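Please work through the exercises below with the sequence and the model side by side, trying each task before reading its solution.

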Amino acid sequence: MAASHGGVLATLDSSKTQWYHYKAVIISGMGFFTDAYDLFCISLITKLLGRIYYHVPGSSKPGVLPPATAAAINGVALCGTLLGQLFFGLLGDRLGRKKVYGITLFLMALSSIASGLSFGSSPKAVMTTLCFFRFWLGFGIGGDYPLSATIMAEYANKKTRGSFIAAVFAMQGFGILAGGIVGMGVSAIFRSFYHAPPYSVDAVGSTPPEADYVWRIILMLGALPAVLSYYWRMKLPETARYTALVANNAEKARKDMEKVMQVEITIQETKSNKTKFGLFSKEFLRRHGLHLIGTASTWFFVDVAYYSQNLFQKEIFSAVGWLPPAKTMSALDELFKISFAQFLIAFCGTVPGYWVTVLLIDRIGRFIIQIMGFFFMTVFMLALAIPYHHWTLNKAGFLIMYGLTFFFANFGPNSTTFIVPAEIFPARLRSTCHGISAAAGKAGAIVGAFGFLYAAQNQDKSKTDAGYPAGIGIRNSLFILSGINVLGLLCTFLVPEAKGRSLEEMSRDDEEEQQDQPKSSMVESV
């Protein structure tokens, strides 16, 4: 018998909600605020980049980014995020959550500033440097997923753990909201100083030279929340569960938690946990193989649908006539209207969905919320797709229906797929498994972003954006996304419910490893 971690973990599981819980939410959540702002603000400025760098003299339409360039700018940060999730997820289990937590924030801040300083003597050079810095921005963002979720899960008590992890993720909604506000604010300020006519009146004058500063300022402001929260993130102690279960230092875990929680903790005498199976072992496959398939596949499917809509919502708004034709606006007018559209959708659908999850997840459970979310995403996408031409005439109705798909994505699988992987895997593999699940999600985001960029183009080649082939159109794309949601719903049945259960119970850390039994040559006598 040896001094073990029983008292520390039991105290964490049964502790009342305290200030340090809220502090951890704010510190971890600011990373996700930054993540969402940086990932989604690019959708605001792509049309502006097209006008600035790809104007075609004499064209009846404003310049647009070439298809390959648009795909690269939209997708490169997602590629970096995927790799960052795998890399920092593994590092979080090997070195500890705290040691690598500050690196991700520093990388995000530095890359945000560098993105705004993208340089070059030609459009191609500017786009290349922008893609380079946005890749590293995504790499830092990727690390925040497994580390923030794992840290919050390991700090929280079992009664309100889901709400606290959901609250960290819900900061994404405020990040998207902030992106819309900043886009409107910066464009309005520049528009008041540099008046520009619509493109149809003056093709060159509709994009003032000063517009080149606008997109740079929007990108660089993404560094601000990261810089402001860096000091507090570095002050967070290592989680007690990592210290006790992975670093095997129960005494240090006790001291850290006594300091944080301001209570006295007694270490209980219990049997040490002997399970040491690895990620690629038969034992992991037996215990958690289906769970990992479930968390990865559901995250993949929801991100295909979520990112395809979010990154390209300006195309959807234009297609139904909610945004005026580009040629009837100046460059800054267009940016303002796209920013306002993003703000409105985030305010009406995205943010409420996140916070309804925070309020209800520990009451009705992860499984029900995820099933319900996938189901209603399917319903509302079909409701948009089947009478699609009706919505082109009923713009207010379209906005409501479109907003409801975002509401049930966030009061649904977009939130729960982030929460569950932080709860059901062993402490020494928790960050890694969350990183794998999140990376599968970003693979889905890449499919959604790249695929939808082409698929959503009009079926009439004469009505597509310059340089794009004819696609299957928004309506048919919505049918495909509905089918993807159904697959996500089915894969949810592979994921266990974690409501009200301790992390050790879910991960089965206290269970003995199953040993291969040799076949007996003895015959029992009667």
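The exercises that follow concern a predicted model, and each task is followed by a worked solution.

**Exercise 1.** Determine how helix H5 is oriented against helix H8, and which residues form their contact.

Solution. Begin with the axes: helix H5 (residues 97-116) and helix H8 (residues 211-220) pack at an angle of about 180 degrees, and their axes are 7 Å apart. Because angles over 145 degrees count as roughly antiparallel, H5 is roughly antiparallel to H8. Next, list the residues: on the H5 side they are Ser112, Ile113, Ser115 and Gly116, which meet Trp215, Arg216, Leu219 and Met220 of H8. Finally, sort the residues of this contact by type, which gives 4 nonpolar, 3 polar and 1 charged.

**Exercise 2.** Classify the aromatic pair of Tyr306 and Phe406, then do likewise for the pair of Phe343 and Phe347.

Solution. A pair of aromatic rings is described by the distance of the centres and the angle of the planes. The structure holds 37 aromatic pairs. For Tyr306 and Phe406 the centres are 5.6 Å apart with 75 degrees between the planes, and because planes over 60 degrees apart count as edge-to-face, this pair is edge-to-face. The pair links distant parts of the chain, since Tyr306 belongs to helix H12 (residues 282-311) and Phe406 to helix H17 (residues 395-410), 100 residues apart. Tyr306 is buried, at a relative accessible area of 1%, and Phe406 is buried, also at 1%.

Turning to Phe343 and Phe347, the pair is stacked, with 5.8 Å from centre to centre and 15 degrees between the planes. Both residues lie in helix H14 (residues 331-364), 4 residues apart, or about one turn of the helix. Phe343 is buried at 19% relative accessible area, whereas Phe347 counts as partly exposed at 48%.

Notes: Residues numbered from 1 in each chain as written. Predicted model: local features only at pLDDT ≥ 70, side-chain atom pairs only at ≥ 80, totals over all residues. Heavy atoms only, no water. Axes fitted to C-alpha atoms, helices over the stretch in contact; angles between N-to-C directions. Helix = DSSP H or I, 4+ residues; strand = E, 2+ residues; numbered from the N terminus. Parallel < 35°, antiparallel > 145°, perpendicular 65-115°, else oblique. Contact = heavy atoms within 4.5 Å. Nonpolar A, V, L, I, M, F, W, Y, C, P; charged D, E, K, R; others polar. Phe/Tyr/Trp six-rings, centres within 6.5 Å; stacked < 30°, edge-to-face > 60°. Buried < 20%, exposed > 50% of the residue type's maximum accessible area, 1.4 Å probe, protein only.
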